[in-house]
Amino acid sequence: ELLARVNRHLNNRETIEEELEEANSHRMLAEFLPQNLVKQIRSGSVDEFAAEQHQDCCMLVSDVTDLSRLAELISTCDLVQYINTMCSKFDAIVSRTQGVFPVSTFCSKYMVVSKEDNASPAKKAQRMLRVAMRMMHSVSRITFNEELRALGYDHLIIRIGLHSGDALTGAIKGGGHYPKYKFFGRSVKMANRMEETGAGMCVHMSEEFFNCLDPKSQDIKNLQVTEHVYNNGLLPMKTYIAPGLPTVTVPLLAPSMDFETKSRRSSA
């Protein structure tokens with residue numbers, strides 16, 4: 001019930017942002033789809049679903065941990081205010097970073113993708129990792145009130161998942177006046193899985209994303225990374241976890257994960 005109230009309050013934020021979302025949808029269409037298709041969508045002469053395949057698309061998904069617990073400890077309005085502050089900080093970070101843009105927000109979940117440009121996979125991954133680290137730093141500065149700090153909650157805790165791969169983008173008109181721009185496919189599921197199986201204040205990277213990173217990059221040359229083998233119930237996959245802040249210790253066994261931790265630690 002508490003989470004339902006939180007969702008209702010956050011929906012008010014989404015309602016206020018509908019016009020911005022519509023403008024962003026048109027902007028994203030222009031960046032991802034051919035101009036002739038964009039014109040067809042705007043004129044209403046296109047099919048209900050216009051899709052395009054993209055390669056080497058980097059995706060970031062973040063979410064707040066212990067949201068249910070926080071909803072029990074503080075009022076709905078206070079929780080919404082914390083999440084609204086977080087999303088505003090994330091928006092500012094993304095707007096200052098070249099080659100990335102936010103796709104969607106739902107409750108406390110936030111998604112960012114790389115733009116379709118001439119950047120190399122390594123450059124796209126570097127940009128997204130930089131966004132992830134800045135998001136971690138910004139969240140650590142959203143401090144809680146004295147009541148929560150007395151219970152051991154100093155600030156919002158988030159998980160971030162990163163993945164790189166092919167993606168299907170779709171302009172869904174659905175009979176409405178404005179098309180909505182969405183992402184589909186395995187890459188979206190993988191980015192969400194990296195977030196959901198990650199650890200608080202850590203960045204959880206798929207092997208595909210990690211392999212895109214340039215180990216000589218200034219952003220990651222001192223980044224401490226722990227390698228894991230993640231058993232997702234199908235086939236084991238190698239993933240990598242890095243602390244989002246210098247004071248964070250990467251857990252040997254992250255919550256909600258079935259991990260076999262490798263004995264070696266590698267610096268990217």
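Glu195 is buried, with a relative accessibility of 1% (buried means under 20% relative accessible area, exposed over 50%, partly exposed in between; 1.4 Å probe, protein chains only). The model is predicted: local features need pLDDT of at least 70, side-chain atom pairs count only at pLDDT 80 or more, and totals for chains, interfaces and linings use all residues. Residues are numbered from 1 along each chain as its sequence is written, and side-chain values use heavy atoms, leaving out hydrogens and water.

**Exercise 1.** Find the salt-bridge partners of Glu195, starting with Arg159.

Step 1. A salt bridge needs a side-chain nitrogen of Lys or Arg within 4 Å of a carboxyl oxygen of Asp or Glu.
Step 2. Arg159 meets Glu195 at 2.7 Å, N to O. Glu195 sits in helix α8 and Arg159 in strand β4 (residues 158-172), so this pair ties together parts 36 residues apart in sequence. Helices (H or I, at least four residues) and strands (E, at least two) are DSSP runs, numbered from the N terminus.
Step 3. Both Glu195 and Arg159 are buried.
Step 4. Shared partners link Lys109, Arg159, Glu195 and Glu196 into one network of salt bridges.
Step 5. Lys109 pairs with Glu195, their closest N and O atoms lying 3.5 Å apart.

**Exercise 2.** Which residue forms a salt bridge with Arg69?

Step 1. The partner is Glu72, with closest N and O atoms 3.4 Å apart.
Step 2. Arg69 is partly exposed at 40% relative accessibility; Glu72 is exposed at 52%.

**Exercise 3.** How many salt bridges does the structure hold?

Step 1. The total is 5.
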